[in-house]
Amino acid sequence: MPSVLSHAVAALGIGPCFYRPGVPNRVWLAGAVCSMFPDIDVVGFRFGIHYGDFWGHRGFTHSLAFAALLAGTLLVLAFPTGVPNLSRLTLWLYLFLATASHGVLDAMTDGGLGVAFLAPFHNTRYFFPWTPIRVSPIGISRFFSARGLAVVRSELLWVWVPALVLVAVVWFAQSRIRSQATTPP
Ligand SMILES: [Zn+2]
């Protein structure tokens, strides 16, 4: 995995594509939580579940089907009456993409097993052909090491910078659209 913070940054990077004035901040918070949630599967190591199993690390919780389920569950439990200025389908789509972005980033790392994108239908593990992100050690103590530094550097370059650029571009485009809409002909 890239470190959990980088997953959250990716979700916040997607956020501006869905931004409308008046949408409450808890929507973006939910997106950040969704983006980190799939790594709940590391708990399975304690119970003897193997990495390559269905419930193993980067297994079902990293699949597209799980992303759809988690987004749907949050929609019902956390946003039962919806949110202002965002349709329920759009809100679901944001939460789905935030969750799915986790597997996408994991599939761009250079270690571990691939991601079971198609679980529960196929348990095949996939990587993208391009894997520029250094895989993050599991566990905080091992993270603070020379290898940890290399991980942070690759995540800044391949996750944080693209997310910030995406945020800047979308904000700029939206503010131009708004100013054109308010400028009299
Ligand atoms: Zn992961």
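Helices (H or I, at least four residues) and strands (E, at least two) are DSSP runs, numbered from the N terminus.

## Basis of the model

This is a predicted model, in which local features need pLDDT of at least 70 and side-chain atom pairs count only at pLDDT 80 or more, whereas totals for chains, interfaces and linings use all residues. Residues are numbered from 1 along each chain as its sequence is written, and side-chain values use heavy atoms, with hydrogens and water left out.

The mean pLDDT (the predictor's confidence in each residue, from 0 to 100) of the protein is 89, and 92% of the residues score at least 70.

## Helix α1 and its two partners

Helix α1 (residues 4–14) packs with helix α4 (residues 88–106) at an angle of about 135°, their axes being 9 Å apart. Axes are lines fitted to C-alpha atoms, for helices over the stretch in contact, and angles run from 0 to 180 degrees between N-to-C directions. Helices α1 and α4 are therefore oblique to each other; angles under 35 degrees count as roughly parallel, over 145 as roughly antiparallel, 65 to 115 as roughly perpendicular and the rest as oblique. Ala, Val, Leu, Ile, Met, Phe, Trp, Tyr, Cys and Pro count as nonpolar, Asp, Glu, Lys and Arg as charged, and the others, Gly among them, as polar.

Helix α1 also packs against α2, at about 135° and with the axes 8 Å apart. The two are therefore oblique, and α1 passes α2 in a right-handed crossing. Val-4, His-7, Ala-8, Ala-11 and Leu-12 of α1 meet Trp-28, Gly-31, Ala-32, Ser-35 and Met-36 of α2. This contact has seven nonpolar, three polar and no charged residues.

## Helices α3 and α4

The axes of α3 and α4 cross at roughly 135° and come within 8 Å. That angle makes α3 oblique to α4, and the crossing is right-handed. From α3, residues including Leu-64, Phe-66 and Leu-75 meet α4 residues, among them Arg-88, Trp-92 and Phe-96. By class, the contact contains 13 nonpolar, two polar and one charged residues.

## Ala-30 in helix α2

Ala-30 lies in helix α2 (residues 25–36). With a relative accessible area of 11%, Ala-30 is buried (under 20% is buried, over 50% exposed and in between partly exposed, with a 1.4 Å probe and protein chains only). Apart from neighbours within four places in sequence, Ala-30 contacts Leu-74, Phe-79 and Leu-95. Its C-alpha atom is separated by 9.0 Å from that of Ala-98, 68 residues away along the chain.

## Backbone features in the loops

Most residues other than glycine have a negative phi, and most peptide bonds are trans. Arg-58, in the loop between α2 and α3, has a positive phi near 65° and is buried, with a relative accessible area of 0%. Asn-85, in the loop between α3 and α4, likewise has a positive phi near 65°.

A cis peptide bond, with omega about 5°, joins Ala-119 and Pro-120. Pro-120 belongs to the loop between α4 and α5.

Note on methods:
Left-handed = near helix turned anticlockwise from the far one by under 90°. Contact = heavy atoms within 4.5 Å.
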